[in-house]
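Work through the exercises below with the structure open beside you. Try each task before reading its solution.

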Amino acid sequence: MLFIFLHQIGKMKKVFLETHNIKNPATGLGTFNYGLIKGLSHQDLSDVEITLSAYKPQTLKDEFKDMFKYKKVYSFNRYKAFSVSTKHDLWHSVNQNTKFEPSKVSKYLLTVHDVNFADQATMKDTSSKRGKLFYGKLERCHAITYISEFAKQHTHQYFDVPNVPEYVIYNGNPITALTETTNYTPEFPVDKPFLYTIGDFLEKKNFESIVRMMQFVPDFNLILSGNNNKPAGDKIREAIIELKLQDRVFLTGKVSDAGKQFYLKNCAAFLFPSIGEGFGLPPIEAMRFGKPVFLANRASLPEIGGEHAFYWDEFDPEHMASEFYKGYDIYKNNVAFYEEKLTQRALSFNWDDAAKQYLEVYHSLLK
């Protein structure tokens with residue numbers, strides 16, 4: 001029996017997950033990293049030894065105990081001379097932009113979230129730092145996973161993708177359990193019906209368009225959550241002042257999970273006019289509460305939102321307001337139907353299912 005046990009240990013394959021972005025759990029990449037790890041923790045990992053990397057691995061170890069191995073990484077590990085040298089059978093680069101790379105590895109799996117940086121560069125440009133980094137990953141990968149069909153199509157549009165197995169694996173919904181929000185006290189007025197959105201204030205999020213729309217939507221307030229300490233946040237603050245919307249448009253900054261769920265649960269509708277999403281987690285969070293979602297008809301959002309979401313084809317403020325009222329009236333005239341369909345859509349995105357698919361890819365590469 002001891003011989004059999006030692007023989008099995010000898011055959012166990014070692015997988016390394018480059019998950020340092022978990023340091024920012026409120027961001028899209030942080031959410032992805034945590035969701036994938038959580039989903040993997042629910043799988044049968046008896047034939048693989050998975051190592052997670054983080055700046056503070058003890059936090060992960062406190063939660064996941066002996067399910068995984070843990071590797072503390074440092075900023076200097078980004079440089080080739082200090083790259084992770086421990087030998088693994090499979091390295092999973094869970095973010096196409098990460099600079100953490102292995103010094104040696106048998107197999108390499110790359111997950112692509114988006115290649116929006118290519119939109120601002122010359123077609124198939126390899127001269128930019130991000131272009132060089134991405135091509136380096138493509139050249140060494142043995143398989144590629146994408147978080148949406150759009151991410152796959154966009155990558156093929158701009159880059160020479162190697163002839164390796166490719167998979168589309170959708171993200172799971174970050175909201176796996178509903179939080180009790182009865183005792184949550186918002187800092188902003190919610191006595192009037194309000195519209196809601198959440199995300200990092202980046203140009204691609206296009207949040208300024210819904211702020212400008214509000215001058216034609218007098219029946220509602222607008223609440224925006226997320227890190228707004230960025231140039232796009234400054235532009236939004238300027239637009240609020242310009243349009244004299246200080247008493248109707250409110251920026252919460254970052255919010256707790258309870259705060260996010262409170263606003264999602266109590267908003268009249270969720271707005272997400274982003275024009276560069278590789279997936280788009282916030283809309284499926286809103287759909288989990290059966291809320292009508294209004295999305296840009298761009299990038300991956302039609303793929304993720306599905307047939308029961310509402311879409312903007314253009315971003316003229318008056319046009320957006322008109323389309324909002326049309327969609328909102330449709331929703332209000334058949335609330336039960338839309339709540340059921342939207343909730344079902346949200347529940348179809350599951351981290352356990354996603355993790356199972358990633359594990360199947362690991363096994364296919366480790367054969």
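Predicted model: local features only at pLDDT ≥ 70, side-chain atom pairs only at ≥ 80, totals over all residues.

Residues are numbered from 1 along each chain as its sequence is written, and side-chain values use heavy atoms, with hydrogens and water left out.

**Exercise 1. Describe how helix α2 and helix α3 pack.**

Step 1. Two packed helices are described by the angle between their axes and the distance between the axes.

Step 2. Locate α2 at residues 28–41 and α3 at residues 57–64. Helices here are DSSP runs (H or I, at least four residues), and strands are E runs of at least two, numbered from the N terminus.

Step 3. The two axes come within 12 Å and cross at roughly 35°. Axes are lines fitted to C-alpha atoms, for helices over the stretch in contact, with angles from 0 to 180 degrees between N-to-C directions.

Step 4. List the residues in contact (heavy atoms within 4.5 Å). From α2 these are Tyr-34, Ile-37, Lys-38 and Ser-41; from α3, Leu-60, Glu-63 and Phe-64.

**Exercise 2. Find the strand order of the open sheet of 6 strands, and its edges.**

Step 1. Strands pair if DSSP finds at least two bridges between them. For example, β8 (residues 194–198) and β9 (residues 221–225) run parallel and are joined by 5 bridges. In this pair, Tyr-196 stands opposite Ile-223 of β9.

Step 2. The order is β10-β9-β8-β11-β12-β13, and the pairing is parallel.

Step 3. β10 (249–253) and β13 (310–312) each have a single partner strand, so they are the edges, and one side of each has no neighbour in the sheet.

Step 4. Helix α8 (residues 257–266) lies across β8, β9, β10 and β11, at about 140° to β8. Helix α11 (residues 317–332) lies across β8, β11, β12 and β13, at about 175° to β13.

**Exercise 3. Classify the ring pairs Tyr-135 with Phe-159 and Phe-270 with Phe-272.**

Step 1. Rings of Phe, Tyr and Trp (its six-membered ring) pair if their centres lie within 6.5 Å; planes under 30 degrees apart count as stacked, over 60 as edge-to-face and the rest as tilted.

Step 2. Tyr-135 and Phe-159 have ring centres 5.3 Å apart and planes at 70°, so this pair is edge-to-face.

Step 3. For Phe-270 and Phe-272 the centres are 6.0 Å apart and the planes at 20°, so this pair is stacked.
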